Amino acid sequence: MANPVSNISGHVLPRRGLMFILSSPSGTGKTTIAKKLLADDDNLALSVSATTRPMRKGEVDGRDYHFIDRAHFDAMVADDAFLEWAEVFGNCYGTPRGAVSDGLEAGRDYLFDVDWQGAQQLSQRAREDVVSVFLLPPSIAELEGRLRGRGTDNDAVIEGRMARARDEISHWDGYDYIVINDDLDACFERVRTILQAERLTRKRQTGLIEFTRELMR
Ligand code: ADP
Ligand code: 5GP
């Protein structure tokens, strides 16, 4: 569906891909929004993180995460195999370098579901390629309701996530965009609009020099 930038008459100009970061306090709806975006957009690929946390019901190894043990994770850190990594809720999470740089060059966009530490590191290392979006819940009560409603975590884990929520929220000012996830469809539309607008920035439309030269000939 969506592709490198096309204008009304169907011209497709080469462009550089972008690194689209979605973060939120756990339970806000980031995974839900990420799945909708990926289903909606052929040019967007998920950067699948590696994690040492146990697999949840319904998750698939290699699709949701690469589930690895701590020794494997530490070996990848030692090999500099991560673009960034962080410890979250006592487990390690990391973004493998993988094919991201080649893909960006070819105009492919990547979605990163990372916490504020990942967003900060990726923004520092690849500022020009990064577009970061922070989702906020409409209220703390609603956040807790969503965590309980998801049914994937026990009470102790939910308490841990709620205890961290305020700390996560305090990092809101490190992001390019802030969207409140109240109504799911409205939130999705806003996030999709951000992605589409960022694709049109001049710096990403690498084909413009040729295109405009031709127009001016
Ligand atoms: P996160 O990835 O941020 O931890 P999830 O995407 O797993 O959060 O969402 C947490 C729960 O909240 C899920 O059960 C999801 O269906 C629900 N949810 C997500 N967005 C909304 C929304 N706008 N309104 C109500 N429930 C939502
Ligand atoms: P969960 O265990 O709920 O899947 O994820 C917990 C937190 O870890 C979320 O905030 C998620 O965004 C973050 N996370 C997932 N993958 C990565 C990663 O590769 N790097 C960083 N920094 N955070 C990650």
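Student: By class, how many polar residues does the shell around ligand 1 have?
Tutor: This is a predicted model, where local features need pLDDT of at least 70, side-chain atom pairs count only at pLDDT 80 or more, and totals for chains, interfaces and linings use all residues. Residues are numbered from 1 along each chain as its sequence is written, chains are lettered from A and ligands numbered from 1 in the order written, and side-chain values use heavy atoms, leaving out hydrogens and water. Besides 1 nonpolar and 5 charged residues, the shell around ligand 1 has a polar group that numbers 8.

Student: Which element gives the most to the shell around ligand 1?
Tutor: The shell holds 14 residues (a heavy atom within 4 Å), and G27, T31, T32, R150 and N181 are the closest. The most that any element gives to this shell is 3 residues, and the element is α1.

Student: How much of ligand 1 does the protein bury?
Tutor: A backbone N or O atom of G27 lies 2.7 Å from an oxygen atom of ligand 1, and one of K30 lies 2.9 Å from an oxygen atom of the ligand. A polar backbone atom of D182 is 2.9 Å from a nitrogen atom of ligand 1. Taken alone, ligand 1 exposes 570 Å² (Shrake-Rupley, 1.4 Å probe), and the buried share is 76%.

Student: Which elements give two or more residues to the shell around ligand 2?
Tutor: There are 17 residues around ligand 2, with S49, R53, Y65, E84 and Y93 nearest. By class they are 6 nonpolar, 4 polar and 7 charged. The elements giving two or more residues are β5 and β6.

Student: Where is D80, which has a positive phi?
Tutor: The phi of D80 is about 60°, although D80 is not a glycine. D80 has 48% relative accessibility and counts as partly exposed. Its place is in the loop between α2 (70–78) and β5 (82–88).

Student: What is the phi of F89?
Tutor: F89 is in the loop between β5 and β6 (91–96). F89 counts as partly exposed at 29% relative accessibility. Its phi is positive in a residue other than glycine, near 50°.

Technical notes
Helices (H or I, at least four residues) and strands (E, at least two) are DSSP runs, numbered from the N terminus. Buried means under 20% relative accessible area, exposed over 50%, partly exposed in between (1.4 Å probe, protein chains only). A polar contact is a pair of N or O atoms within 3.5 Å; within protein, one must be able to donate a hydrogen and the other to accept it, and residues adjacent in sequence count only if both atoms are side-chain atoms. Ala, Val, Leu, Ile, Met, Phe, Trp, Tyr, Cys and Pro count as nonpolar, Asp, Glu, Lys and Arg as charged, and the others, Gly among them, as polar.
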